[in-house]
Amino acid sequence: MTNPTGFDDPRAPFDTAPAPSAGGIAARAMAARRAPAYLDGLNPEQRLAVETTEGPVLVLAGAGTGKTRVLTTRIAHILASNLARPSEILAVTFTNKAAREMKERISRFIGGNVEGMAWLGTFHSICVKILRRHAELVGLKSSFTILDTDDQIRLLKQIIQAEGLDDKRWTAKAFAGMLDGWKNRALTPKDVPEGEARAFANGKGRKLYEEYQDRLSILNAADFGDLLLHVITLFKQNPDVLADYQRRFRYMLVDEYQDTNIAQYLWLRLLAQGNPNVCCVGDDDQSIYGWRGAEVDNILRFEHDFKGAAVIRLERNYRSTSHILATASHLIAHNQGRLGKTLFTDFHEPDHDLVQVASVWDSQEEARSIGDEIEALQTNGHKLNDIAILVRASFQMREFEDRFVTLGLNYRVIGGPRFYERMEIRDALAYFRCVVQPADDLAFERIVNTPKRGLGEATLKLVHGLARAERIPLMQAADQLCQTEDLKPKARNTLNQVLADFTRWRSQLAGVKHTELAEIILDESGYTEMWRKDRSAEAPGRLDNLKELIRSMEEFESMAGFLEHISLVMDRDTAEANDAVSIMTLHSAKGLEFDTVFLPGWEEGLFPHQRSLDESGRAGLEEERRLAYVGITRAKKRAKLYFASNRRIHGLWQSTVPSRFLDELPAEHVEIAEAASSYGGYGGGGYGASRFDRADPFERGSYSTPGWQRAQKAKAASSELFERYDTRSSRTRREGPRTIEGELVAKSVSETPSEFSIGERVFHIKFGYGAITAIEGNKLTIDFEKAGRKKVIDSFVERH
DNA sequence: AATCCGGCAAGCTGA
DNA sequence: TTGCCGGATT
């Protein structure tokens, strides 16, 4: 039997071998001793990316070019060449899923032992690890808790109210968004630019941020943004600590570099100062998280930031047909801010399908048509698991679900509310947190009166008051309060009982198996009982979820270990046993692949999404285009795009214009397909008013003269500048369409009052004749003779 | 404590 | 149009 790993002995203890100095002659000699088997089957670029271990390297890995393989092989190569021990490699991913995958693949290489890879994980989990060691240096205790979004919102709300602000005008959610933006940019309260700090709560933004951080440190807690931010602070203020990690990490790898934000970039740069062996892997064309703080600039500027960087492009695609690649490449070439790659493949067959574009009348026909196509594929022996529908916005999903239920077609929705976000899970976790961490005030608050036990607002207020006055945790305050006469006997007894319960459970931590203890807690607290008595439709499901929760605890050694994991891991385990079509958003499709991909909803306003254009102009448009690129490149064999002439948006039927992205596809790789079941008359067969059938869609006549472009550019720049300093009036000020260099980037909805009057008889292209019964602005309510009562926008009907 | 009503928003989501 | 939130109401 051949050795699949190419190692002399896959069980060799890498961890104990002395690591030769990086790039030393001995190391090179050892590496060169033979061409290891794990390098077989890599193409020259991949091999280069694996073997260029020294100095900064940027691997531009296009979709489907074997990125993960390169990353894992690179790590294996570093280990096999004895350049570093497993514990000396830092490998960062964005998601737990990616980290898990990488661990699995590496363990296959090195014979099942990745225990030594202590520093392979997400940015956040690695930061937690570092922080727990040096917590006191940033004002925390090593046992600090990690707040999730829900805790954070509740805390913010308290602070906003404490400041005497109207918490409706200044919502906790909005402020959480701002905080996120600041922390993504590694801004501490004092760093926040004056203008931004003043934009919230009548100029109190900075103060609220400061108070929030104070509260966190009193609670001995950190939010997700803090995990990174604290480590940056730690490194900056403690050069000796930083130097220690710089020495430790001989090799650093970052996956999905295009998704890093400024804080993550700074974090990496601090570590890289001591050691240039940084390898970042990413694809600027797949940067679709700008709205979450990701900076495409990080990847675009890599060569500038890391001097002497090698840039390696992986352009050989192993996933898709040449038509699909050509279509995606042609589309993405319309973006300006990109490093530029062109995917290619040797996979050419005359019978490969062209990329198809279909025009349908409305979203219902779209769902019907796609349903029919899927049934046809199924009849021809295709697996539903190999088929996906990728939508821009989650509201589009419902139409497909309705249709597939009718057809009896198996489907699964990826995304949606996560397991850990469910109320019952959060409640149960809060109980466990109170047992393990008696000082966890937020958890205590959550469950002190769940199930209802008559500990209402009045009691809580007293506890809160004492806790704040004495600066002690809520549970301790409650305990003290029970010794006094301040509480009514009934409340005192109940509270005493609750505290006694927690003390008892805590005493069982050491003796009882943690899964059993979890059951005991949920039973004795009356929590399971509460759901058993609940007769609502979702109660049984909730009980199932609780069982599932306890089952999932089994993998962990202790309750504390489980909680640590839970606070970082947000993946829901997905059962993929049965055959089903996947329905998901384009965002959640990144990294996946399917034989057949359906891409509905290619209409202006939906895709590209209007809001993206309004908020971010040209940059927003380019991000939308990257999203389109991600969508198309998910397909291995077949991609079919849809455009509906009518779509209901927020309850109103609107006529739509085909997405400009359709105009940007290469005609020679695309065919116009008739939708399976078109209505007669309108829209049948073609695009109607589309620009798609124009001889040259890029020809813009006199509008493309340099002078005109300059004028538009100047106009756009000045209006953008202006808008940045005035958030309130941008909506009303924007008048006509906003155009940048000949591209329509934003169009405003007409706000002029309707010219119609009640009782008037009108004609609508979809619903036929009817009479107006009500008018609100430009929205008309019309009783149609055939279609019944509908609300429509006035510009879609004609007087008759 | 449970339910009802009105108002508001409505894009993507990770740790 | 739906769905969620919060306040008011029973």
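Author: This is a predicted model. Within 4 Å of the protein, 54% of the atoms of DNA strand C belong to sugar or phosphate, and the rest belong to bases.

Reader: Which residues surround DNA strand C?

Author: Lys157, Lys168, Arg398, His650 and Gly651 surround DNA strand C. A residue is counted when one of its heavy atoms lies within 4 Å of the strand.

Reader: What makes the approach of Lys157 to a phosphate oxygen of DNA strand C a polar contact?

Author: An N or O atom in the side chain of Lys157 is 3.3 Å from a phosphate oxygen of DNA strand C. The limit for such a pair is 3.5 Å, so the term applies.

Reader: Why is the pair of Phe598 and Tyr642 called tilted?

Author: The count of aromatic pairs comes to 26. For Phe598 and Tyr642, the ring centres are 6.4 Å apart and the planes meet at 45 degrees, so the pair is tilted. Centres must lie within 6.5 Å, and planes under 30 degrees apart would count as stacked, over 60 as edge-to-face. Phe598 is in strand S13 and Tyr642 in strand S14 (residues 635–649), so the pair ties together parts that are 44 residues apart in sequence.

Reader: How do you know that strands S21 and S22 pair?

Author: Strand S21 (residues 779–784) and strand S22 (residues 788–793) are linked by six bridges in the antiparallel sense. At least two bridges are required, so the strands count as paired. Thr781 stands opposite Lys791 in S22, and a hairpin of three residues joins S21 to S22.

Reader: Where in chain A is confidence lowest, and where is it highest?

Author: Helix H31 (residues 730–733) has the lowest mean, 30, and strand S13 (residues 594–599) the highest, 97. Over residues 677–742 the pLDDT is below 50, and this stretch has 80 contacts in the model beyond near neighbours in sequence. Chain A averages a pLDDT of 81, with 82% of the residues scoring at least 70.

Key:
Residues numbered from 1 in each chain as written. Chains lettered and ligands numbered in written order. Heavy atoms only, no water. pLDDT = per-residue confidence, 0-100. Helix = DSSP H or I, 4+ residues; strand = E, 2+ residues; numbered from the N terminus. Contact = heavy atoms within 4.5 Å. Polar contact = N/O pair within 3.5 Å; in protein donor to acceptor, adjacent residues only side chain to side chain. Phe/Tyr/Trp six-rings, centres within 6.5 Å; stacked < 30°, edge-to-face > 60°.
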